[in-house]
Amino acid sequence: MKPTFYLTTAISYPNGSPHIGHAYEAMATDAIARFMRLDGYDVHFLTGTDEHGIKMLQTARREGLTPAELADRNAPLFKDMVALLGCSNDDFIRTSEPRHHAASKAIWERMQANGDIYLDSYAGWYSVRDEAFYGEDETIVRDGVRYGAQGTPVEWVEEKSYFFRLSAYQERLLALYEQHPEFIGPAERRNEVVSFVKGGLKDLSISRTTFDWGIPVPGDPEHVMYVWVDALTNYITGAGYPDVEGESFKRWWPADLHVIGKDIVRFHTVYWPAFLMSAGLPLPKRVFAHGFLFNRGEKMSKSVGNVIGPKDLVDAYGRDQVRYFFLREVPFGQDGNYSHEAIVTRINADLANDLGNLAQRSLSMIAKNLDGTLPAPGPFSDEDAAMLARADAMLPACREAMAMQQVHQALNVVWAVVADANRYFAGQAPWALRKTDPARMETVLYVTAEIVRQVAILAQPVMPESAGRLLDLLAVPADARDFTVLGPAGRLPGGVALPAPQGVFPRYVETDEAKAAG
RNA sequence: AGCAGAGUAGCUCAGUCGGUUAGAGCGACGGACUCAUAACCCGUAGGUCGGCGGUUCGAUUCCGCCCUCUGCUACCA
């Protein structure tokens with residue numbers, strides 16, 4: 001019985017088109033999902049769209065649509081993006097689906113039964129943009145318009161609202177952070193959350209009556225659920241809630257990992273565990289917040305004109321290349337920058353020159369000098385053994401990095417071996433051995449091919465297609481590509497006929513239009 | 001304002017639980033080679049490790065203060 005691993009991205013708000021931030025989160029989470037599968041876990045990977053809320057309603061009105069129509073039009077864009085990026089999600093949830101309505105209704109009722117939901121009324125200055133109320137003293141009037149603390153316009157709203165007794169969970173949340181420091185990652189985020197919670201928690205307004213695009217509150221259809229109650233619940237919907245006795249829910253919940261953006265840490269590390277505690281459900285093991293991406297140091301914005309869609313990037317550079325770039329270049333958890341120049345440098349230096357060329361130079365020697373047959377190695381020299389040992393050591397180092405979602409570190413580990421292998425190859429100079437010591441040449445070529453094999457296996461989570469082609473070139477069977485064959489256990493067999501070598505990672509050649517895109 | 005983190009080679013960053021010559025990648029320059037995707041390999045780059053002071057035989061690494069930047073929280077207007 002394989003151990004299970006359930007991981008999620010945040011669900012995207014489809015009142016516009018997917019942007020690079022959505023793509024980044026999906027790519028990174030997919031890499032983690034693929035890594036875990038290859039490492040022997042039974043993985044469930046969920047992503048989707050968060051379709052309710054007043055902003056969807058407003059955007060729909062502006063475009064002359066109903067919110068449901070807007071959601072139906074835009075949700076496929078996100079689904080397509082995920083596919084375009086090669087994501088291996090097992091499910092794509094839309095919060096407008098019946099299964100999600102059922103789950104949201106159920107968790108609400110559980111929280112209510114636990115005495116944590118009460119009806120009260122709320123009056124105050126409300127910012128639609130912030131989806132938040134502000135006290136009178138938090139607002140300012142400028143040019144006849146009143147603005148809230150975040151500088152967004154506010155309007156006076158008075159409505160009845162259900163409240164969640166968040167204040168009752170302060171101590172239990174602090175105990176959670178204390179007992180499970182790994183609950184929040186990266187570690188820096190934990191302190192922020194702890195200090196926020198220590199500062200005192202107020203009860204949370206969790207329903208709205210001013211619009212109806214949402215999930216109706218059970219027993220009081222005048223209200224729809226606050227969009228975050230609805231949105232967060234998607235994670236248990238995806239596991240099969242409310243069928244808590246069902247096989248799916250028992251199998252997948254609690255989630256092992258929620259991957260989110262740093263802007264929504266509080267919802268996931270304060271509100272969400274409180275909701276779950278109230279509903280009597282187990283808590284996710286870990287919430288990891290990644291950073292934001294900036295184009296040449298600037299946040300993407302339409303006015304700056306630097307908005308690049310995921311599709312533009314994939315079209316310009318290739319899917320695996322884009323995945324590799326973002327996951328290697330940006331330390332996962334920190335903000336990062338990207339630019340055309342940086343992407344091209346990574347593609348050419350790391351992929352074409354280092355890995356692609358390593359494969360090509362060794363495989364073409366096998367093709368030309370050994371009739372395309374992978375040689376059986378002779379006795380290993382100290383250099384051979386050292387090189388193999390470095391490759392064999394990759395898996396534990398990658399595991400350690402991936403356990404903390406340090407995807408870039410895992411790639412660093414692998415590419416350090418690629419660099420070593422190029423040094424090894426140049427140092428052994430098999431092209432010279434061809435004349436002086438053909439048997440040694442064969443061993444060196446074998447060792448190099450074996451390094452490429454292990455590198456390719458470990459590159460699969462990030463570049464599934466390209467790494468697969470590399471393994472094809474080594475005639476590695478489809479059932480010998482997971483992590484169980486890393487290390488000495490899965491050494492390439494000598495004497496196997498290899499296909500004609502082909503470049504897997506072409507150099508990026510500059511064109512004017514691509515430059516304009518980056 | 002409080003709390004947290006950061007300030008290291010041209011750029012992006014790693015690192016030092018205090019100690020001989022502070023590292024990597026990219027970029028630049030020089031060299032070598034020819035198996036390979038004009039790739040790879042070797043060498044050089046002389047950086048006050050933000051500033052000042054302290055502890056110490058010795059601090060980039062510990063302590064204090066200051067400056068700058070970032071995040072979180074609060075508040076004022």
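**Entry 1**

I began with strand 12 and strand 13 (residues 220–225), which run antiparallel and are joined by two bridges; strands here are DSSP runs (E) of at least two residues and helices are DSSP runs (H or I) of at least four, numbered from the N terminus. Looking up Pro216, I found that its bridge partner in strand 13 is Val224. I then traced the open sheet to which they belong, three strands in the order 11-13-12 with antiparallel pairing, where two strands count as paired if DSSP finds at least two bridges between them. Its edge strands, each pairing on one side only, are strand 11 (207–208) and strand 12 (216–217).

I note for myself that this is a predicted model, in which local features need pLDDT of at least 70 and side-chain atom pairs count only at pLDDT 80 or more, while totals for chains, interfaces and linings use all residues. Residues are numbered from 1 along each chain as its sequence is written, chains are lettered from A and ligands numbered from 1 in the order in which they are written, and side-chain values use heavy atoms, with hydrogens and water left out.

**Entry 1: helix 4 and helix 7**

Helix 4 lies across strand 11, strand 12 and strand 13, and I read its direction as about 100° to strand 13; axes are lines fitted to C-alpha atoms, for helices over the stretch in contact, and angles run from 0 to 180 degrees between N-to-C directions. Next I looked at how helix 4 (residues 98–113) meets helix 7 (residues 227–237): the axes come within 9 Å and cross at roughly 105°. The two helices are therefore roughly perpendicular to each other, the word covering angles of 65 to 115 degrees. On the helix 4 side the contact (heavy atoms within 4.5 Å) is made by Arg99, His100, Ala103, Ser104, Ile107, Trp108 and Met111, and on the helix 7 side by Val229, Asp230, Thr233, Asn234, Ile236 and Thr237.

From helix 4 I picked out Ser104, which is buried, with a relative accessible area of 0%; buried means under 20% with a 1.4 Å probe, protein chains only. Leaving aside neighbours within four places in sequence, Ser104 is in contact with Ile215, Met225, Asp230 and Thr233.

Strand 2 (residues 42–49) pairs with strand 3 over four bridges, and the partner of Thr47 in strand 3 is Phe92.

**Entry 2: cores and Leu473**

Which residues touch the most other members of the largest nonpolar core? Of its 100 residues, I listed Ile32, Phe326, Trp415, Ile451, Leu458 and Leu470; such a core is a set of buried Ala, Val, Leu, Ile, Met, Phe, Trp, Tyr and Cys residues joined through side-chain atoms within 4.5 Å. Helix 17 (residues 438–459) gives the largest share, 13 residues. Apart from this core lies another, of 59 residues, among them Trp108, Leu174, Val229 and Ile264.

Last, I checked Leu473, in helix 18 (residues 464–473), which counts as buried at 8% relative accessibility. Not counting residues up to four places away in sequence, Leu473 touches Leu363, Leu498, Pro499, Ala500, Pro501, Gln502 and Val504.

Technical notes: Parallel < 35°, antiparallel > 145°, perpendicular 65-115°, else oblique. Buried < 20%, exposed > 50% of the residue type's maximum accessible area, 1.4 Å probe, protein only.
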